[in-house]
Amino acid sequence: MSFFSQYKNFALEHISNNNLFVPSERSVFPVFNFGEWKLNSNSNQVHLEIMKENITKFKENSLDITQPFGSIVSSPNEILLAAKIVNFLYIPGELCRQSDILEACKQSQLPIFVEKGNFLAPSDLQRVIEKLKNTQVAIIETGNSFGYSDVVLDPRSLHILRSFGIPFGIHLGKLSSIEEITYTHKPQWLKNNDFMNAFIDTGKCFGANFYVIENRKQLKVLNNFLSE
């Protein structure tokens with residue numbers, strides 16, 4: 001049974017190396033950032049050493065995680081390391097078209113989640129999907145860049161993702177907190193947490209299979225979706 005036929009109506013939760021994942025009875029699957037690739041030196045060797053260290057710590061202090069769990073990956077070497085312990089791989093939007101990463105993920109034979117970069121037209125994902133042919137792959141909608149203050153969830157994008165005939169989900173964190181920073185420089189109306197309900201309702205209309213969150217506060221609005 002494939003991953004996406006076994007699990008439906010689930011959430012992926014991003015876990016920082018500084019925060020332990022608290023197991024949940026719900027269908028919430030942790031995604032670890034073992035390499036912390038955005039926050040450290042640009043040196044690939046540094047990334048790799050950090051990832052090895054974090055994987056070792058994870059094994060030593062592993063919680064009893066009964067849910068599948070995955071890792072964000074940013075290089076072929078990271079994929080080789082992560083594939084030894086995780087149940088799925090997660091490609092961030094900035095790297096969604098990088099051929100060596102796509103090929104390494106494909107060779108791992110693990111399920112693959114690919115973020116659509118904010119800069120990318122949804123139809124351009126067709127080439128990404130072709131490169132991952134004969135794998136278990138899902139696409140994550142992260143919204144489309146709109147000026148400097150917001151990212152917009154365009155329903156036309158969801159229409160195109162649905163036409164690909166593969167699972168897709170929506171990243172609630174990327175849509176509600178752009179680049180993981182505060183709203184202090186943004187119009188105040190963007191703070192409205194009800195918008196997450198709008199994102200979820202829109203996703204349900206188009207048949208979204210899952211959502212991506214960054215904290216348990218965002219999880220609260222998913223109660224009805226996860227229980228369906």
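Glutamate 115 and lysine 174 form a salt bridge (a side-chain nitrogen of Lys or Arg within 4 Å of a carboxyl oxygen of Asp or Glu), and their closest N and O atoms are 3.0 Å apart. The pair links distant parts of the chain, since glutamate 115 belongs to strand S5 and lysine 174 to helix H7 (residues 172-176), 59 residues apart. Helices (H or I, at least four residues) and strands (E, at least two) are DSSP runs, numbered from the N terminus. This is a predicted model, in which local features need pLDDT of at least 70 and side-chain atom pairs count only at pLDDT 80 or more, while totals for chains, interfaces and linings use all residues. Residues are numbered from 1 along each chain as its sequence is written, and side-chain values use heavy atoms, with hydrogens and water left out.

**Salt bridges**

- The structure holds 3 salt bridges.
- In the pair already described, glutamate 115 has a relative accessible area of 2% and is buried, and lysine 174, at 13%, counts as buried too; the term buried means under 20% relative accessible area, exposed over 50%, and partly exposed in between (1.4 Å probe, protein chains only).
- Glutamate 141 forms a salt bridge with lysine 116, with the closest N and O atoms 3.5 Å apart; because glutamate 141 lies in strand S6 (residues 137-141) and lysine 116 in the loop between S5 and H5, this pair ties together parts that are 25 residues apart in sequence.
- Glutamate 141 is buried, with a relative accessible area of 0%, and lysine 116 is likewise buried at 0%.
- Arginine 156 and aspartate 154 meet through their side chains in a salt bridge with an N to O distance of 2.8 Å; here arginine 156 counts as exposed, at 63% relative accessibility, whereas aspartate 154, at 19%, counts as buried.

**Helix H4 and its surroundings**

- Helix H4 spans residues 99-108, and its residues Ile101, Leu102, Ala104, Cys105 and Ser108 are buried.
- Seen down the axis of H4, these buried residues fall within an arc of 165 degrees, so they line one face of the helix; the arc is that of the directions from the helix axis to the C-beta atoms.
- The buried residues of H4 pack against helix H3 (76-82), strand S4 (88-91), strand S5 (112-115) and helix H5 (125-131), where contact means heavy atoms within 4.5 Å.
- After H4 comes glutamine 109, which has a positive phi, near 65 degrees.
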